[in-house]
Each structure stands twice: as C-alpha cells, then as structure tokens.
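Try each task before you read its solution.

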Amino acid sequence: MAILRTAALAAALASAAAAAAPEDAREAVAQARKRWAESPHGPLLERILPPTFEPSQLPDPAAPGAQLVVRFCVQCHNLPNPAMHDAAKWPRVVDRMVLRMEGKGNLGELMQDMMAGVSAPSAEESRRIVAYLRKYALRPLDPKKYPDVTRPEARAFRLACQQCHALPDPRRHTESEWRSVVARMEKNMQWMNRVVGTRHDPDEPQLRVEEIIGFLARHARKQ
C-alpha cells in the first residue's frame, strides 16, 4: 500500500508540474520581453532569434530540461527550437551562451552591461540543458539514404534549408507536420531577411515552398 501511495503521489506531483510548466513558461517570456522593452539593448537582443517558436511547441514541455531552456534562454532572446542545430553542435552553442550570461562574452564591458540582471545556469543545469537539446536536436539528412537530394527537384530544399542549419532528415515528420514546419521556417526567413527577392533570378535563392514540400513529402514519415 505504501508503494501504491508513493506512486500515486509521484504521479500527482508530475501532473501538477506539467500543468504549472506552461504558465511558468509564459511568465518567463513575459518578464524577458518587459526587460527588453526597458533596456537600451532590447532591440538587439530581440533580433537574435525569430519570435516564431513558443514554449508550448517544445518537445515534452514539462520536462526539467525544457523548463531550464525557457528559464535561461529567453532572458536574452526569443526561444530557440531544439531542432535549429544538430546534436553535435549544441554543446558548443550552450557553452558560448553560458559565457555570455556570465558577462564574459566577446563584447567586453558591453557584454557585461547587456547581461545585467541575467542569471547563468549552474554546471548541472547546463548539463541538463545540453542533454535536452541534444535529445530533440535536428537529425541531419544522410545523403546515402536520399540520393535524390542532389537532383534539380530538391534544389529549393537544399538552398532554403542550408542557409540556417544542416539539411533535416525528411523522416523526422509526416507530410502534414512538414507543412507546418515549413510555414514556420518561411516566417523565420522573412524575419531574418535571409531569402531576398520578389523578382525571379535563377542565381538567387528563392523560397519555392511547394518544391520543398514535394521533396519532403516523398520521404516523410507515414502516419
């Protein structure tokens, strides 16, 4: 009976934590945006990452790693998507961000001023952040499994996606999920002004969405 009560209590606590996590995340984001509005460096910080990824979209948003990502990352910029980097890259990125949160970044005294009021994670918290981000990181495409990635019909996919990260494995999502992901990426690229041009130029990268979806749909994970 004691074991059952303990299990029931653990389940209740987990359920309460899951329910509280979205509210805590929204509060963290709201506080960060308030600080940006009051800081002379706010516009610069806000431009670091696009504002298209919300805490509720994090994989397993109630997980301790997800909550730490929200807690620390939104202090300085909009929320990062774990899939914006592959697993090999995340440890270096987190190490660089922690140094900046400690005011030891590459801008000297200006970095210290920008990080005023920002808290940095402990070594254990950093480890959990890295573990969470690596768990849900972008899975790069293996060209041996998708030889048609080098063909002309995949050119839009290659040009658009490689501007910001490694080519993603199409089997990460279903076709319908990919449509949502690509729509978000389109907003990101418009926000970052990575893909330029309202005129057609064969030598200029263009966001040909249906061509991108076409390649991904051919190899997407089935329902």
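**Exercise 1. Find which residues are linked with Glu124 in a network of salt bridges.**

Solution. Start with the term: a salt bridge is a side-chain nitrogen of Lys or Arg within 4 Å of a carboxyl oxygen of Asp or Glu. Glu124, Arg127 and Arg128 are linked in such a network. Now set the ground rules. This is a predicted model, where local features need pLDDT of at least 70, side-chain atom pairs count only at pLDDT 80 or more, and totals for chains, interfaces and linings use all residues. Residues are numbered from 1 along each chain as its sequence is written, and side-chain values use heavy atoms, with hydrogens and water left out.

**Exercise 2. Explain how arginine 128 and glutamate 124 are placed along helix 6.**

Solution. Step one: take the distance. The closest N and O atoms of arginine 128 and glutamate 124 are 3.3 Å apart. Step two: look at the helix (a DSSP run of H or I, at least four residues, numbered from the N terminus). Helix 6 covers residues 123-135, and the two residues sit four apart in it, so about one helical turn separates them. Step three: check accessibility. Buried means under 20% relative accessible area, exposed over 50%, and partly exposed in between (1.4 Å probe, protein chains only). Arginine 128 has 41% and is partly exposed. Glutamate 124 has 37% and is also partly exposed.

**Exercise 3. Is aspartate 148 buried or exposed?**

Solution. First find its partner. Aspartate 148 forms a salt bridge with arginine 218, with closest N and O atoms 3.9 Å apart. This pair links distant parts of the chain, 70 residues apart: aspartate 148 is in the loop between helix 6 and helix 7 (155-161), and arginine 218 is in helix 9 (residues 209-219). Now read the values. Aspartate 148 has a relative accessible area of 8%, so aspartate 148 is buried. Arginine 218 is partly exposed at 45%.

**Exercise 4. Classify lysine 104 by its relative accessible area.**

Solution. Lysine 104 has 57%, so lysine 104 is exposed. Its salt-bridge partner is glutamate 102, and their closest N and O atoms are 3.6 Å apart. Glutamate 102, at 38%, counts as partly exposed.

**Exercise 5. State how many salt bridges the structure holds.**

Solution. The structure holds nine salt bridges. Among them are the pair of arginine 128 with glutamate 124 and the pair of lysine 104 with glutamate 102. Keep the general idea in mind: side chains of opposite charge can pair when their charged atoms come close.
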